[in-house]
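Please read the following explanation with the model open beside it.

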Amino acid sequence: MTFDLILRNAAIVDRAGLADIGISNGRFAAIEAGLAATGAPEEDVKGRLVIPGFIETHIHLDKSCLLGRCNCEKGSLDEAIGEVAKAKRGFTEEDVYARASTTLEKAIKNGTNRMRTHVEVDPRVGLTSFRALKQLKKDYAWAIDLQLCVFPQEGLLDDPGCEDVMLQAMQEGADVAGGAPYMDKDSHGQIAKIFAMAQQFGTDIDFHLDFGLDPAHLDLDEVCRMADATGWGGRVAIGHVTKLSAMPKADFEAAAKRLANAGVAVTVLPATDLFFTGRDSAFNVPRGVTSAHGLRARGVNANISTNNVLNPFTPFGDVSLIRMINLYANVLQVGAMAELAGCLDMVTSCSAKILNAADYGIAVGHPADLVVLDCATKAEAVCEIAQPLFGLKRGVRTFTKPAASLHKPA
């Protein structure tokens, strides 16, 4: 067998021992210890951890890098929505593309090679952001697979004309139908509309849902009911769901059972959820970050993502998912080694399930997508915020970040 590249001595994620990886024509062609030399270029990764790449399932590229354009003093969700609503009236395709490409390149250099971005569409911004990101998706396909999830940030039913704009975006090739039911007075009405769109266009669904700390009313119940009624289980994700963090154990377990049975996945967004939650508390401030690993232990597919970067919703961020999962592990007080290792799954394999990416993973025949981390194990990756050293997309190198060197005196 001939190869285009051989990586030697790789600690492949979820595989015992070290192995060599042979790549041919953009795919994994052989994975075994002691691959025979063929004259192909070789690189020794020296026992470092090799993963298929990080996956971001919930980010807002279109409104990233807006610091300086918005005047935020309260730090509230309503203020953030209002300030970005003002800012996006001045968006142009060129502006959105420039900011989004800056953020996307950071993500690529931090080891992300698949992504779902949420994109705001409404009668004010129209399809400006969507069309800019369609071009971005095409231009960066060499490094990252990008899904576009269109959604109505300022409401759907209560925003006349928004449904028409969303339908136009779906007709122009949006990959996923998204929603924010809490922005409409009739949240269930919006949920029904989004399910109908997804059925019409045959797409997955991704909601912003149940943001807050009062679990008395949960829209996730209606989402689960609709997933069952439509047969869309396994194709629905809900993001934030901070209300789950405010539940007694028995109620949390009951909600997890409903989610697991309905096939509804949960995306936890630590940075934004921490930034907004509990601002009315003078002391004993609640974290407001839902236990993704607790959901996973109860059969729910749960993952971690970034959400917002350098804007009023989250004025921080470098689009590093390894940093985000370390933040999550700190906030949720994850200490057991098995659970720490499992945290890495929540930015890799769990996220792949949300995207229904059947070709994800280091396996013969799959696209040769991989990232080499500067560590040896999954737990080390999370604990040490192990940095990506280089990555491949379909067998072609997309970025290189050499490990730091120490220059000791002679």
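In this predicted model, the buried residues of helix α2 are Asp95, Val96, Arg99, Ala100, Ser101, Thr103, Leu104, Ala107 and Ile108. After helix α2 comes glycine 111, with a positive phi near 95°.

Just after α4, glycine 173 has a positive phi of about 110°.

Glutamate 222 belongs to helix α6, which spans residues 220–230. Is glutamate 222 buried or exposed? Glutamate 222 counts as buried because its relative accessibility is 11%, and the cut-off for a buried residue is under 20%. Apart from neighbours within four places in sequence, glutamate 222 is in contact with His188 and Ile191.

The discussion now turns to the nonpolar interior. In soluble globular proteins, nonpolar side chains tend to be buried together. The largest nonpolar core in this model has 107 residues. Within this core, the residues with the most contacts are Phe195, Phe207, Ile238, Leu259 and Tyr328. Which helix gives the largest share of this core? The largest share comes from helix α10 (residues 321–331), which supplies seven residues. A second, separate core contains 18 residues, including Ile31, Val50, Leu370 and Val372.

Two residues show the surroundings in more detail. Tyrosine 328 touches, beyond residues up to four places away in sequence, a set of residues that includes Val268, Pro270, Val289, His293, Ile304, Cys343 and Met346. Valine 331 is found in helix α10, and it counts as buried because its relative accessibility is 12%. Setting aside residues up to four places away in sequence, valine 331 touches Leu274, Arg287 and Val289. Valine 331 and proline 270 are 61 residues apart in sequence, and their C-alpha atoms are 8.4 Å apart in space.

How many cavities of 30 Å³ or more are counted? The count comes to two. The largest cavity has a volume of about 100 Å³. Its lining consists of His60, Lys63, Leu77, Gln153, Tyr182, His208, Phe211, His240, Thr272, Asn307, Asn308 and Phe313. By class, four of these lining residues are nonpolar, seven are polar and one is charged.

The second largest cavity holds about 40 Å³ of space. Ile108, Thr112, Asn113, Ala143, Leu370, Val371, Gly391, Leu392, Thr398 and Phe399 line the second largest cavity. The elements that contribute two or more residues to this lining are β7 (112–120), β14 (370–373), β15 (388–393) and β16 (396–400). This lining has six nonpolar residues, four polar residues and no charged residues.

Definitions and conventions: Residues are numbered from 1 along each chain as its sequence is written. This is a predicted model: local features need pLDDT of at least 70, side-chain atom pairs count only at pLDDT 80 or more; totals for chains, interfaces and linings use all residues. Side-chain values use heavy atoms; hydrogens and water are left out. A nonpolar core is a set of buried Ala, Val, Leu, Ile, Met, Phe, Trp, Tyr and Cys residues joined through side-chain atoms within 4.5 Å. Buried means under 20% relative accessible area, exposed over 50%, partly exposed in between (1.4 Å probe, protein chains only). Helices (H or I, at least four residues) and strands (E, at least two) are DSSP runs, numbered from the N terminus. Contact means heavy atoms within 4.5 Å. On a 1 Å grid over the protein atoms alone, a cavity is a set of points where a 1.4 Å probe fits but cannot get out, and a pocket is an open set with protein on both sides within 12 Å along at least five of seven lines; lining residues have an atom within 4 Å of a point. Grid points are joined across faces, edges and corners, and a volume is the space filled by probe spheres set on the points. Ala, Val, Leu, Ile, Met, Phe, Trp, Tyr, Cys and Pro count as nonpolar, Asp, Glu, Lys and Arg as charged, and the others, Gly among them, as polar.
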